[in-house]
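Let's take a walk through a protein fold together. Have the picture ready, and keep turning it as you read.

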Amino acid sequence: MSLLPWHDIDTVLLDMDGTLLDLHFDNHFWLEHLPQRYAELHGVSRAMAEMELQPLFERHAGQLQWYCLDFWSAELKLSVRELKLETAHLIALRPDADTFLEALKKAGKRVVMITNAHRDSLSLKLERIELAPYFERLISSHDYGFPKENPQFWDALQADIGFDPARSLFIDDTLPILRSARDFGVTHLLAVREPDSRKGPKDTAEFAAVVDYRELIAGL
């Protein structure tokens, strides 16, 4: 039994990190690897590194610069790109995400990636996981100058790709982003139950959630 009325859906908008890819890579990088390497590179203790980084992370969360590798490289005086390469072996698909993408392609749905990931981060991941062939477009919110949390992102997306929000499905693991899409009028919305494979299920509040991508394929 599918969660979705596929006959009412023409366009599928998909997030990347935590939705198609396991969020473990990003969580490990920002919460473990970066603080450790920041401490080493700046000659401070791990505890001091976390004291310096935490307020910065909190101040910029949900804003475009939060997702920008250039911003963090300048702010932290280190190369975030190079540090990400050190943990790139952790980049992994969520279970059956590729099966779902293949089914969408066969069904003739229009499939567009919309991610807050910086273009450099997107490139790093696409070098390791072959996602590009499944998508009509790969859109970074940096292309528009607004993160997906911002209503102006959705206006820019509409102007760019011309989709019908009433006949679109959007899957994302971040609740404020799903609420922003809902405010814009996107009718079919799904959260992700377990974006990080090491952290267990999360509360998706008012949103139904993807547990197993194979379940969504029913009725496609």
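This is a predicted model: local features need pLDDT of at least 70, side-chain atom pairs count only at pLDDT 80 or more; totals for chains, interfaces and linings use all residues.

In what order do the six strands sit? Reading across, it goes β3-β2-β1-β4-β5-β6, and the sheet is open, with parallel pairing. At the edges you have β3 (137-140) and β6 (209-210), each of which pairs on one side only. Over to β1 (residues 11-14) and β2 (residues 110-115): this pair is parallel and is joined over four bridges.

Helix α6 (residues 119-128) packs on it and touches β2 and β3, with a direction about 140 degrees from that of β3. Helix α8 (residues 175-184) packs on the sheet too, touching β4 (168-171) and β5 (188-192), and its direction makes about 180 degrees with that of β5.

Go back to α6 for a moment and follow the chain from β2 through α6 to β3: together they make a right-handed β-α-β unit. The two strands of that unit, β2 and β3, pair in the parallel sense over four bridges. One spot to look for is Thr115, which stands opposite Ser140 in β3.

Next, look inside. In soluble globular proteins, nonpolar side chains tend to be buried together. Here the largest nonpolar core has 31 residues, and the ones with the most contacts inside it are Leu14, Phe135 and Ile171. Several elements, among them β1, β2, α6 and α9 (213-217), each supply at least two residues of this core. Which element gives the largest share? That's α5, with four residues.

Not counting residues up to four places away in sequence, Leu14 touches Leu20, Phe100, Val111, Met113, Phe135 and Ile171, among others. There is also a second, separate core, made of 20 residues, and its members include Tyr144, Phe170, Leu178 and Ala191.

Met51 has its place in helix α2 (residues 46-60). Is Met51 buried or exposed? With a relative accessible area of 59%, Met51 is exposed, because the cut-off for exposed is over 50%. Met51 and Pro35 are 16 residues apart in sequence, and their C-alpha atoms are 9.6 Å apart in space.

Lys77 lies in the loop between α3 (69-76) and α4 (80-86), and its phi is near 55 degrees, a positive value in a residue other than glycine. At 66% relative accessibility, Lys77 counts as exposed. Ala205, in the loop between β5 and β6, also has a positive phi, near 55 degrees. With 44% relative accessibility, though, Ala205 counts as partly exposed.

Key: Residues are numbered from 1 along each chain as its sequence is written. Side-chain values use heavy atoms; hydrogens and water are left out. Two strands pair if DSSP finds at least two bridges between them. Contact means heavy atoms within 4.5 Å. Axes are lines fitted to C-alpha atoms, for helices over the stretch in contact, and angles run from 0 to 180 degrees between N-to-C directions. A nonpolar core is a set of buried Ala, Val, Leu, Ile, Met, Phe, Trp, Tyr and Cys residues joined through side-chain atoms within 4.5 Å. Buried means under 20% relative accessible area, exposed over 50%, partly exposed in between (1.4 Å probe, protein chains only). A crossover is right-handed if, with the strands pointing away from the viewer, the path from the first strand over the helix to the second runs clockwise.
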